[in-house]
Amino acid sequence: MSTQSEAILEVNLLKQLEQLEYKKVIIKGEDDLEQNLKTQLELHNKTTLSNTEFKRVLNHLKKGSIFEKAKILRDKFVLPKDDGTNEYIEFLDSEHWCQNLFQVTSQVTIEGKYKNRYDVTILINGLPLCQIELKRRGLELKEAFNQTLRYKRHSYATNNGLFNYIQLFVISNGVNTKYYANSKLESMSYKQTFYWTDKENKRVDNLEEFTQDFLERCHLSKMICKYIVLAEVPKMLMVLRPYQFHAVEKIIDRVSNSNKNGYIWHTTGSGKTLTSFKAAQILMKLPKVHKVVFVVDRKDLDYQTTKEFNSFSDRSVDGTNNTKALVKQFGDDTKLIVTTLQKLNTAISKKQYLSQMESLKQKHIVFIFDECHRSQFGETHLSINKFFEKNQMIGFTGTPIFAQNATNNALGKRTTKELFEESLHKYVITDAINDENVLKFSVEYVGRYKEKEGSETYRDIEVEDIDTKELLQSDERIGQIVEYIIANHDRKTHSKEFTAMMCVSSVDMLIKYYEAFKRKDHNLKIATIFSYSANEEDKDATGEVNLDLADGAHVDETHINKHSREKLDEFIEDYNSMFGCRYSTKDSQSFYNYYNDISKRVKNKEIDILLVVNMFLTGFDSKPLNTLYVDKNLKYHGLIQAFSRTNRIKDERKSQGNIVCFRNLKDATDDAIALFSNKEAKEVILMEPYEEYVKRFNEKYNTLLAIAPTVQSVSYLKSEEKKFEFIKAFRDLMRVKNAISGFSDFKWVDVAMQNQEFEDYKSKYLDLYEEIGKHKGEGSQKVSILNDVDFELELIHKDEINVTYILQLLAKYKETEDEQAQQKQKENIENMLNNNPQLRSKKELIEKFINENLLQIKNSEDIEEEFEKFWDKQKEKAFHELCEEENLQSDKVKKLIDTYLYDQRVPLANDIAKTLKTKPKLLERKKIVPRVLERIVGFVDKFFEGTNSYSTKSLSTISNSSNSLDYEAEQGSMLAAQPKTEYNNQTKKEKE
């Protein structure tokens, strides 16, 4: 049986959509699209538009970015009529989402940079709001995603840009179907594409089932009208994932139809803030709800949550800086309040506020509690319940409190179910991993000690044993662990592409670790923060402290530990020197500012390892953080919360969250996984052992050999299908290599492939990438099947290797007198040029400099200066060749490139056409403009990208003559990556 074609998929989809009462309409191009829009707007608004009036509508719709167009879509337009009156024109009925007009069309052709023909388009009130792209069964879904990106680049913005009104994309190959929000090109990632699921998290991925469920008219319109968030700060559209949708629907139903409480169990890292924001946004519009109060349990989360809420909807929340401001908000027309548990408790318990709060006792107020596993188990919960007599409580947690993990307080052991009644929706860590919304954990246990001298057996140290405690805190052990971290940190973080945290059992231990790092020779940026109240240590080994009073950077001023405070001030001074700051513990505000600055720098990858006791182990999200070093007893929700700092999705290179345990937490890990998912969940949540990845690597290697038995044989692959097979096979091998290289045990001798062989195949892989890139602009009618293949180049880029770094190597090469060593260095440089995507476009020029100039330079210190002269000359030559060969106006090309460099936006076809000396005929223009654009992009890539000081922000100083060029080099530090240190691959026995 042959594979079902894309055409058959499309025909079946169109039939099904017609059965769902979409009206089929034939739209061949932009003129048809505009005429249909006019008709549909007239029907929807029950009006008639003259041609001049409709032109005003089109001019209004033409404005702005994708984000601004999403706002225009949801707002009414005041249309000046020909007779001098005004009329409101509605583009989308967001309140009554079923009462819009629904159409479907296919194969709309729009000509922009290239001619593109789109598969299936769903029109709502005449505007294309949902675009469906199909691939035949057997092809990767990611290719359909890349195709939509190509369309966005090439044609969606053409003329009136009506296709930039797309709100949702749907991609399918028949058996797998996903959806995602439209947004600006640079913010779109395949990681933000989602499968649809039912209420029980069962995936609906077959196209026919997906169409019946998701593309049903009212549901699709509801998703667009209610469940797309216009995030103000990043200026992007965000659509809720299915579990977020089902949770919000459950909350709305709960509040609308009952006075009962409820809680949402959504695993850590699954986007609870967006879910709670959307729930709050809808709840506050319900007539029966007086106010919605979002309650967090720490001061930093108050600020953080207010900031996040306001990023979703600007100024939707006024920050409550103090209790007085909070009480004022309770009394005014503020519908949504974000506050801390502590301020809320003060507002309802202090005499000076009671008279102002009294009138709220009988009001229907909905309280949404973030991280309710931490904040709801003390006296404050009772106080809120008692004061607000008509309250309704909705809790959010990633790790509920059950009987097994409940801890004692003055009120006894209390569970989430006791306080919040029913679980309204559940999305556990196994669901999130299966949906690729969070990563698996790779857990390694390091460091075993002899029970007594001469013992033949080894055991992990039990922390309860007093002798063991002495061993755990010994300088020798801490020194060994620090050495291990220094030796393996690059491996764990992909050459510091990612960052790490280390959690330890007490402030005393943290001080020892920090000082041990200071004594060692390394290039890691270490920072720390801890509470200097008396003895911040484990509480029941959960990794959490003072649950009812937690306040982020809060310090109990009445129980200051002077030694801890002095040490922290000493460490903060190191931090100040490192980053040019002026923080201290002299007052609570300065300490809080330090807390926030550390948070920001960890997220920005400016800190390599953050040492903590309890801070940052819950409620802190940083996508670049991929490793947690653990020398601390953790269990249940404390363990899952701490581990989950590492498993946020980022890109292809972040394949797992690394957990490196220096204590035996295996049983605690198994127990926590069983409690928060099920007993069989270990293999879903934890990565397989190293040996399994060795086996998988060898399997992928054999698959590669079956397609290309030798490196040279890749050059003989003629058909696109064979090249496609090779690309997929090597990419699969790279993915496993990316995962296996994070293991401390990884050595090339363990796998069937040699390191050099891998590098050679990688070079051929990059050759194909360049080959495809060169031919993308040739012929706008035929589209190669390789055009939309994702090469996942992020899996290749390892160190920040730029031109400056290569010049440093050339200086060493020049100084080396040993001929054999010199040859090896030259090969090393050639390999870097071949295998680094950022340098391949410059390879020919750098080799030319080596062959023609390097030997004539007597002093290696002059290499940089001589290279700059060489680079300027080559840049000038290439610029004038480009202008002469393509018959371009050089002054206009200079301005075009300057704008390109400044805006980081590829020039439009019309911009390119303006640089031509003679205006070509229409058919000629279709060939010339794409070719010129490709050459300009290539020129910028070669001479400006990744060249450090040899690039320039402006071409304004270029001479128009063919023999002179004065470049103003960009000033600044000449930073380059240092050569990688050799990893210390001691065996466990050697460490023991």
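**Exercise 1. Are Phe-849 and Phe-867 buried or exposed, by relative accessible area?**

Step 1. The model is predicted, so local features need pLDDT of at least 70 and side-chain atom pairs count only at pLDDT 80 or more, while totals for chains, interfaces and linings use all residues. Residues are numbered from 1 along each chain as its sequence is written, and side-chain values use heavy atoms, with hydrogens and water left out.

Step 2. Buried means under 20% relative accessible area, exposed means over 50%, and partly exposed lies in between (1.4 Å probe, protein chains only).

Step 3. Phe-849 is buried, and Phe-867 is buried too.

**Exercise 2. Describe the ring pairs of Tyr-595 with Phe-616 and of Phe-849 with Phe-867.**

Step 1. A pair of aromatic rings is described by the distance of the centres and the angle of the planes. Rings of Phe, Tyr and Trp (its six-membered ring) pair if their centres lie within 6.5 Å; planes under 30 degrees apart count as stacked, over 60 as edge-to-face and the rest as tilted. The count by this rule is 53 aromatic pairs.

Step 2. Tyr-595 and Phe-616 are stacked, at 4.9 Å centre to centre and 20 degrees between the planes. Tyr-595 belongs to helix α22 (residues 588-603) and Phe-616 to the loop between β24 (609-612) and β25 (625-631); the pair links distant parts of the chain, 21 residues apart. Helices (H or I, at least four residues) and strands (E, at least two) are DSSP runs, numbered from the N terminus. Tyr-595 is buried at 4% relative accessibility, and Phe-616 is buried at 3%.

Step 3. Phe-849 and Phe-867 are edge-to-face, with 5.0 Å between centres and 90 degrees between planes. Phe-849 is in helix α31 (residues 843-852) and Phe-867 in helix α32 (residues 863-885), so this pair ties together parts 18 residues apart in sequence.

Step 4. Ring pairs also build a cluster, made of Tyr-118, Phe-145, Tyr-151, Tyr-156, Phe-163, Phe-169, Tyr-180 and Tyr-190.

**Exercise 3. Which rings have the charged ends of Arg-696 and Lys-737 over them?**

Step 1. A charge sits over a ring if NZ of Lys or CZ of Arg is within 6 Å of the ring centre and within 35 degrees of the ring normal.

Step 2. For Arg-696 the ring is that of Tyr-693, with the charged end 4.8 Å from the ring centre. For Lys-737 the ring is that of Phe-758, at 5.5 Å from the centre.

**Exercise 4. Locate the salt bridges of Arg-56, Arg-731 and Asp-750.**

Step 1. A salt bridge is a side-chain nitrogen of Lys or Arg within 4 Å of a carboxyl oxygen of Asp or Glu. This rule gives 45 salt bridges.

Step 2. Arg-56 pairs with Asp-82 at 3.1 Å, N to O. Since Arg-56 lies in helix α3 (residues 51-62) and Asp-82 in the loop between β2 (76-80) and β3 (86-90), the pair ties together parts 26 residues apart in sequence. Arg-56 is partly exposed at 32%, as is Asp-82 at 42%.

Step 3. Arg-731 pairs with Glu-140, with 2.3 Å between the closest N and O atoms. Arg-731 is in helix α27 (residues 720-740) and Glu-140 in the loop between β6 (127-134) and α5 (141-154), 591 residues apart. Arg-731 is buried, with a relative accessible area of 0%, whereas Glu-140 is partly exposed at 22%.

Step 4. Asp-750 and Lys-747 have their closest N and O atoms 3.7 Å apart. Asp-750 is partly exposed at 30%, and Lys-747 is partly exposed at 36%. Elsewhere, shared partners join Asp-597, Lys-600, Arg-601 and Glu-606 into one salt-bridge network.

**Exercise 5. How many disulfides does the structure hold, and where do Cys-98 and Cys-218 lie?**

Step 1. A disulfide is a pair of cysteine sulfur atoms within 2.5 Å. The structure holds 1 disulfide.

Step 2. The bond joins Cys-98 to Cys-218, with an S to S distance of 1.9 Å. Cys-98 lies in the loop between β3 and β4 (102-111) and Cys-218 in helix α7 (residues 217-226), so parts 120 residues apart in sequence are tied together. Cys-98 is partly exposed at 35%, and Cys-218 is partly exposed at 21%.

Step 3. Cys-225 is in no disulfide; the nearest cysteine sulfur, that of Cys-98, is 9.2 Å away. Cys-225 is buried at 13% relative accessibility.
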